[in-house]
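Have the sequence and the 3D view open as you read.

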Amino acid sequence: MAIKKVGVVGCGLMGRGIAEVSAKSGYDVVVSEINKELLDKGMAAINQSLSKAVEKGKISDADKAAALGKIKGTTDMQDFKDCDLVVEAAVENLDLKKKIFTDLDKICKPDAILSTNTSCLSVMNVAAVTKRPEIVLGCHFFNPVPIMKLLELVKTITTSKATIDAATEWGKSLGKTVIVAPDRPGFIVNRAYMPYMVEAIEMLENGVASKEDIDTGVQLGLNYPMGPFTLADLAGLDTILFVLDAMYAETKSPKFVAPVLLRKMVTAGHLGRKSGKGFYDYNK
Ligand SMILES: NC(=O)c1ccc[n+]([C@@H]2O[C@H](COP(=O)([O-])OP(=O)(O)OC[C@H]3O[C@@H](n4cnc5c(N)ncnc54)[C@H](O)[C@@H]3O)[C@@H](O)[C@H]2O)c1
């Protein structure tokens with residue numbers, strides 16, 4: 001299962017990052033979008049991200065040119081036919097992901113590994129629509145992909161050891177630290193992160209402390225790079241609510257009940273940095 005050519009479905013926030021780090025590590029990459037306009041936008045963002053890496057002295061101009069030369073953008077899924085590994089990074093919608101996996105299963109060579117970057121959907125759901133569930137897994141990257149060091153692989157009850165081994169080797173070659181999580185709600189990282197987020201928001205909601213004090217307490221007392229509210233504004237409150245609701249739907253565990261305040265803030269459009277206002281105000 002030697003991986004030489006990597007396919008990425010979706011050139012949004014995550015897909016473009018996965019394409020960039022794969023190309024920088026010497027893999028041939030095909031990245032797809034639903035239309036030329038979105039593809040051009042994604043490719044321009046990859047170019048910009050590589051330019052930033054050059055400015056910071058992390059890579060040379062020649063490295064940037066070599067990486068760009070390795071990436072082929074496409075709007076035709078048929079271009080995945082000779083990929084050894086495909087990472088699906090389309091929007092978080094199970095029906096869409098099932099359709100993409102059904103198509104990939106028909107298009108890709110029989111031994112190609114298929115994976116999804118889903119944050120919270122069950123990987124088994126997409127593995128089950130293919131005729132190759134033993135070579136389907138989750139490849140959960142973190143945002144921003146070129147900077148975040150973790151790759152959380154997700155092993156379903158059907159994923160083979162050889163598939164995990166091949167994906168681990170690939171992840172390490174991208175400079176990532178690889179962990180293997182079970183295909184259970186939240187995998188490892190969100191399972192730890194979400195109850196922590198719920199507790200922080202409920203502390204604020206119940207007047208236990210101010211958001212500033214909770215942020216400072218966690219940051220300095222636990223030596224986290226940032227407190228829960230700063231992180232929530234960065235991740236997007238809508239994303240956190242979506243993940244919590246998905247985890248609650250699957251587990252019915254009270255640990256994953258979204259706080260009322262979070263739901264109201266999302267309804268109000270207070271989504272964090274991306275909307276200009278979340279727990280903090282970014283319009284000032
Ligand atoms: N944003 C994050 O912080 C983050 C972190 C980890 C995992 N994820 C997961 O990664 C996936 C992608 O998230 P994102 O933040 O990059 O979303 P995004 O909206 O930025 O990008 C998704 C892209 O996929 C494209 N797309 C949709 N259908 C497609 C298709 N059939 N073929 C090709 N492209 C298609 C869309 O046009 C869009 O540009 C989701 O499953 C998400 O849950 C996101």
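Helices here are DSSP runs of H or I with at least four residues, and they are numbered from the N terminus. By that count, helix H1 (13-24) and H4 each supply at least two residues of the shell around the ligand. Keep in mind that this is a predicted model.

**The ligand shell**

The ligand is surrounded by 23 residues. Gly10, Gly12, Met14, Glu92 and Asn143 are the closest. H1 makes the largest contribution to the shell, with three residues. Sorted by class, the shell holds 13 nonpolar, eight polar and two charged residues.

**The sheet**

What is the strand order of the open sheet? Its eight strands run E3-E2-E1-E4-E5-E6-E7-E8, and the pairing is mixed. Strand E3 (71-74) and strand E8 (177-182) are the edges, each pairing on one side only. On average, neighbouring strands are turned by 25° against each other, direction ignored.

Strands of a sheet pair through backbone hydrogen bonds, either parallel or antiparallel. Strand E7 (residues 150-155) and E8 run parallel, joined by six bridges. Within this pair, Leu153 stands opposite Val180 in E8.

**Helices across the sheet**

| Helix | Strands it lies across | Angle |
|---|---|---|
| H4 (residues 94-107) | E1 (5-9), E4 (85-88), E5 (113-116) | about 165° to E4 |
| H6 (residues 161-173) | E4, E5, E6 (136-141), E7, E8 | about 170° to E7 |

**The cores**

In soluble globular proteins, nonpolar side chains tend to be buried together. The largest nonpolar core in this model has 47 residues. Val8, Ile18, Ala19, Val29, Val86 and Leu114 have the most contacts inside it. H1 gives the most to this core, with five residues.

Take Ala19. Beyond its neighbours within four places in sequence, Ala19 is in contact with Val8, Cys11, Val29, Val31, Ile46 and Ile71.

A second, separate core has 26 residues, including Met197, Ile240, Phe256 and Leu262.

**A closer look at Leu104**

Leu104 sits in helix H4. Is Leu104 buried or exposed? The cut-off for buried is 20 or more other C-beta atoms within 10 Å. Leu104 has 25 other C-beta atoms within 10 Å, so it is buried.

Which residues does Leu104 contact, leaving aside its neighbours within four places in sequence? They are Phe80, Val86 and Leu114. Val86 is 18 residues from Leu104 in sequence, and the two are 8.4 Å apart in space, C-alpha to C-alpha.

Key. Residues are numbered from 1 along each chain as its sequence is written. This is a predicted model: local features need pLDDT of at least 70, side-chain atom pairs count only at pLDDT 80 or more; totals for chains, interfaces and linings use all residues. Two strands pair if DSSP finds at least two bridges between them. Axes are lines fitted to C-alpha atoms, for helices over the stretch in contact, and angles run from 0 to 180 degrees between N-to-C directions. Two residues are in contact if their C-beta atoms, placed from the backbone, lie within 7 Å. A residue is near a molecule or strand if its C-beta atom, placed from the backbone, lies within 6 Å of it. Ala, Val, Leu, Ile, Met, Phe, Trp, Tyr, Cys and Pro count as nonpolar, Asp, Glu, Lys and Arg as charged, and the others, Gly among them, as polar. A nonpolar core is a set of buried Ala, Val, Leu, Ile, Met, Phe, Trp, Tyr and Cys residues joined through C-beta atoms within 7 Å. A residue is buried if 20 or more other C-beta atoms lie within 10 Å of its own, exposed if 12 or fewer, and partly exposed in between; C-beta atoms are placed from the backbone.
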